[in-house]
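Please have the sequence and the coordinates open side by side. The paragraphs below go through helix packing, the ligand shell, the strands and a few backbone details.

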Amino acid sequence: MIVRLDEKQLSQKNIASTDSEDGVVEDLATMDTQSLWHAMVQHKPFAQQPPKCMVKASGCMVTDSQGVEYFDGVSGLWCVNVGYGRQELAEVAYEQMLNLAYSPLTMSHEPGIRLAHKLTELLGYEGKVFFSTSGSEANETAFKIARQYHAQTAPVGAGSRYKFISRYRGYHGTTMGALSATAQAERKSKYGPLVPGFLHVSPPYAYRFDDGQPEAAYTASLLRELEMTICYEGADSIAGIIVEPVISGGGVIVPPDGYLQGVREICDRTGILLIFDEVVNGFGRTGKMFGHQHWGVEPDIITFAKGLTSGYMPLSATVVKQHIFAAFLDEPGTDSHFRHISTYGGTPVGTAVGLRNIEIIERENLVDRAAEMGEYLQGKLQPLLDHPNVGDVRGKGLLLGIELVEDKVSKTPLNDAAVVSLVKHCIEQQVMIGRNTNTIPGFTNVLIICPPLVITRPEADRLANTLYQAVSALTTR
Ligand SMILES: Cc1ncc(COP(=O)(O)O)c(C=O)c1O
């Protein structure tokens, strides 16, 4: 049932509205409450205060139905790398829709070919690209590829490699396999039983767990834990290790130098495939085109989504090195091919948009810009450390985290109500920031700053000032 209100009722309710074709003003807020199930939030408060209804955006700014403009410090969901309102992305989608709106990748099409080629060119190695529609799906694809690869290359008599190792705090998606790899208790609660065979080890989280050791000793202890987990489980039962180079949603956790190199070395020695989840890290976010390039370590399989199209189209990719693909290659009639398909994975429109999105990133040097603006913003945020509730300011490029604590000695995570009040303070100043909600029980205390890569210095100043005021207000509220 569509509820229609007249102008007077609408102005009294102060809610989102739109003119329908017949001139009747529709009450979008009521329709929203009636029909739309929103992600990650409790809905009861919506009866009094409907969620903000966004209507347009440009650059880093998003405008709601009341005409209020917000600075988007989270790039939507960490995805709008090139910023909003890119006309050329709309045009390329429009033209591609008219030309060839759809064609499955059981056959081929030019934008798909060109984007796949571009991705391997950017990665700098030979490989094959399998397209899907979301980060979760890209990771599911990686898991299936890894298991099938081992099944087809295992020496006669070897056990089956089916297990995957990921790190606590890491998020790898929402579908059952990707959720099983996700090592965040609150995201998994009530959805079990999950997929068997997913194991977790400690993240490289120096701020909390280095116990004052030098970096090299802490790194060695993490690698020892990983190695012993593999040993206790039996290396020949483990198909892959999946890691984000920089943990994003789990609290912006940057590994120490030597860590990813060590993981690579363990994988090489044990025959385990190394999977990098670059769903957030990829496409300039961390100040390099890909996050792993900070440490010069290559994966066997890599997954992309979000920044691949800057959120303008649903598209993701799983890229394998050529030696992985070789295990799938045979004559028709055999069964070693990858028996996996995604109807909307790699559509002509999605891939055309992805290709143009990368063109924009390159043309406008957005990777260098992310590095430069990230450094600038991190510098601006450093004074926050003088506040008793700010334990750590960290990150790479334009993927930044601020860890809030009750006090700097105990490092007890700041209580949820205070973190919520801080985020609310920023919204009141028309600045949207993120935080790690529903991740680790009692540890929802990391603010996440992840603006579009086109952020300007004045915008970075505004973001930093707002955060400074919001943090200062913690002691006065
Ligand atoms: C690191 C990481 N991997 C995978 C995903 C899942 O991506 P999607 O929501 O597109 O399925 C996300 C989503 O936030 C993510 O942050």
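At what angle do the axes of helix α10 and helix α11 cross? The model is a predicted one, and in this model the axes of α10 (residues 215–233) and α11 (residues 259–270) cross at roughly 25° and come within 10 Å. Angles under 35 degrees count as roughly parallel, so α10 is roughly parallel to α11. Their crossing is right-handed. On the α10 side, the contact is made by Thr219, Leu222, Leu223, Leu226, Glu227 and Ile230. From α11 come Tyr259, Gly262, Val263, Ile266 and Thr270. Sorted by class, this contact of α10 with α11 has seven nonpolar, three polar and one charged residues.

Helix α4 (residues 87–99) packs with helix α13 (residues 348–363) at an angle of about 150°, and the two axes are 9 Å apart. Angles over 145 degrees count as roughly antiparallel, and α4 and α13 are therefore roughly antiparallel to each other. The crossing of α4 and α13 is right-handed. Glu88, Leu89, Val92, Ala93, Gln96 and Met97 of α4 are in contact with a set from α13 made up of Pro348, Val349, Ala352, Val353, Arg356 and Asn357. By class, the contact of α4 with α13 has eight nonpolar, two polar and two charged residues.

Next, the ligand. Which residues come nearest to the ligand? There are 15 residues around the ligand, and Ser134, Gly135, Ser136, Gly173 and Val279 come nearest. Helix α6 (residues 135–153) gives the most to this shell, with three residues. The class make-up of the shell is four nonpolar, nine polar and two charged residues.

The strands come next. Strands of a sheet pair through backbone hydrogen bonds, in either a parallel or an antiparallel manner. Strand β3 (residues 54–58) and strand β4 (residues 61–64) pair in the antiparallel sense over four bridges. Within this pairing, Ala57 has Val62 of β4 as its bridge partner. The hairpin of β3 and β4 has two residues between the strands, and Gly59 takes a positive phi near 60° there. β4 also pairs with strand β5 (residues 69–72), again in the antiparallel sense, over three bridges. Here Val62 stands opposite Tyr70 in β5. Four residues lie between β4 and β5 in their hairpin, and Gly67 in the turn has a positive phi of about 85°.

Two backbone details in loops remain. The peptide bond from Gly192 to Pro193 is cis, with omega near 0°. Pro193 is found in the loop between α8 (185–188) and β8 (198–201). Phe283 has a positive phi of about 65°, although it is not a glycine. The loop that holds Phe283 runs between β10 (273–277) and β11 (301–304).

Methods. Residues numbered from 1 in each chain as written. Predicted model: local features only at pLDDT ≥ 70, side-chain atom pairs only at ≥ 80, totals over all residues. Axes fitted to C-alpha atoms, helices over the stretch in contact; angles between N-to-C directions. Parallel < 35°, antiparallel > 145°, perpendicular 65-115°, else oblique. Left-handed = near helix turned anticlockwise from the far one by under 90°. Contact = placed C-beta atoms within 7 Å. Nonpolar A, V, L, I, M, F, W, Y, C, P; charged D, E, K, R; others polar. Near = placed C-beta within 6 Å. Pairing = 2+ DSSP bridges.
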